[in-house]
Amino acid sequence: MKHVSKPLPPYMKTENGELWLTEDDRENLKISYRIKDIIFSEQSPFQHVMILDSYDFGRMLVLDGVVQTTSIDGHIYNEMISHVPLQFHPAPKKVLIIGGGDCGAAREVAKYEQVEEIHLVEIDEMVVTSCKNYLPDVSGNLSDPRVRYVYTDGVAFVKEHVNTYDVIIIDSSDPVGPAKELFSYDFYASVRRALKEDGLMVCQSQSPIFHMDVLKQTYANIRQLFPYASIYTATVPTYPGGLWSFTIGANIPLSLPETTSLPSDTKYINEAVLKQCFQLPQFMRKELV
């Protein structure tokens with residue numbers, strides 16, 4: 001085992017000659033990953049950014065000790081947050097991604113030829129550059145000319161745009177630190193103003209198992225702001241609880257076209273998954289009525 005010769009952050013330690021990352025979720029759950037190598041480790045102006053090579057999950061993006069995405073299952077999250085809203089919109093041409101510095105969501109959106117512009121607004125440029133350089137299984141080293149990178153605060157950016165985007169994807173990290181405002185009512189209100197009349201948005205809304213309070217508040221905010229709202233789920237092994245939720249808010253009815261237009265190279269989503277993912281387990285239905 002080799003790794004960069006810098007002091008280890010507090011969430012990493014060596015045990016019996018092996019390197020481990022321990023993620024602390026809400027101070028109630030600790031998840032440990034055995035690490036082969038530290039590929040990249042730097043402090044940005046906003047957070048500590050690491051690319052680690054793990055035994056079970058391959059390379060992973062870690063921000064302030066929290067795993068964001070991995071080579072083995074990052075495609076599940078990125079496909080579900082991208083393809084689902086794009087299947088509902090009749091003609092998406094201009095797409096905004098807020099967060100998503102691993103470039104995975106932008107990579108999926110770029111698979112649609114009819115999309116003319118993709119604006120990726122990420123507050124931390126180091127996340128984008130490190131993922132493009134060291135996490136190719138997720139980023140694909142994205143170099144599509146339709147992608148415009150904007151390194152600024154997503155909350156401020158969206159306030160400056162009205163009636164601009166067909167689809168807005170909010171690919172935020174957990175609601176702590178720089179991402180906390182991305183879960184607020186005022187932010188979602190700005191998102192709705194930034195959408196065109198037939199536009200729609202989607203956000204990740206956390207674990208129904210461990211973060212039902214966040215999911216309920218997110219759904220309540222979006223349902224209050226948009227005439228149509230719905231929740232869907234996917235299984236992402238990396239994330240605490242495994243079951244993960246996404247919430248859509250739309251200015252148009254959420255009805256799928258008779259023929260979907262999913263790309264042919266997806267690894268997780270297909271037409272059956274697209275139709276099934278809105279079927280919620282009973283405990284979620286009871287909590288969200």
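**Aromatic pairs and the sheet**

Tutor: In this predicted model, the count of aromatic pairs comes to 10. A pair of aromatic rings is described by the distance of the centres and the angle of the planes.

Student: Which class of pair do the rings of Tyr-77 and Tyr-239 form?

Tutor: Tyr-77 belongs to helix H1 (residues 74–88), while Tyr-239 lies in the loop between E12 and strand E13 (243–250), 162 residues apart. Both residues are buried. Their ring centres are 5.7 Å apart and planes over 60 degrees apart count as edge-to-face. With the planes at 85°, the pair is therefore edge-to-face.

Student: Is Tyr-151 buried, partly exposed or exposed?

Tutor: Tyr-151 forms a stacked pair with Tyr-149, at 6.4 Å centre to centre and 10° between the planes. Buried means under 20% relative accessible area and exposed over 50%. The relative accessible area of Tyr-151 is 32%, so this residue is partly exposed.

Student: Which strands are the edge strands of the open sheet?

Tutor: The seven strands follow the order E9-E8-E7-E10-E11-E13-E12, with mixed pairing. An edge strand pairs on one side only, and this holds for strand E9 (147–150) and strand E12 (228–235).

Student: Which residue in E9 stands opposite Val-121?

Tutor: Strand E8 (residues 117–121) pairs with E9 in the parallel sense, over four bridges. In E9, the residue opposite Val-121 is Val-150.

Notes
Residues numbered from 1 in each chain as written. Predicted model: local features only at pLDDT ≥ 70, side-chain atom pairs only at ≥ 80, totals over all residues. Heavy atoms only, no water. Pairing = 2+ DSSP bridges. Helix = DSSP H or I, 4+ residues; strand = E, 2+ residues; numbered from the N terminus. Phe/Tyr/Trp six-rings, centres within 6.5 Å; stacked < 30°, edge-to-face > 60°. Buried < 20%, exposed > 50% of the residue type's maximum accessible area, 1.4 Å probe, protein only.
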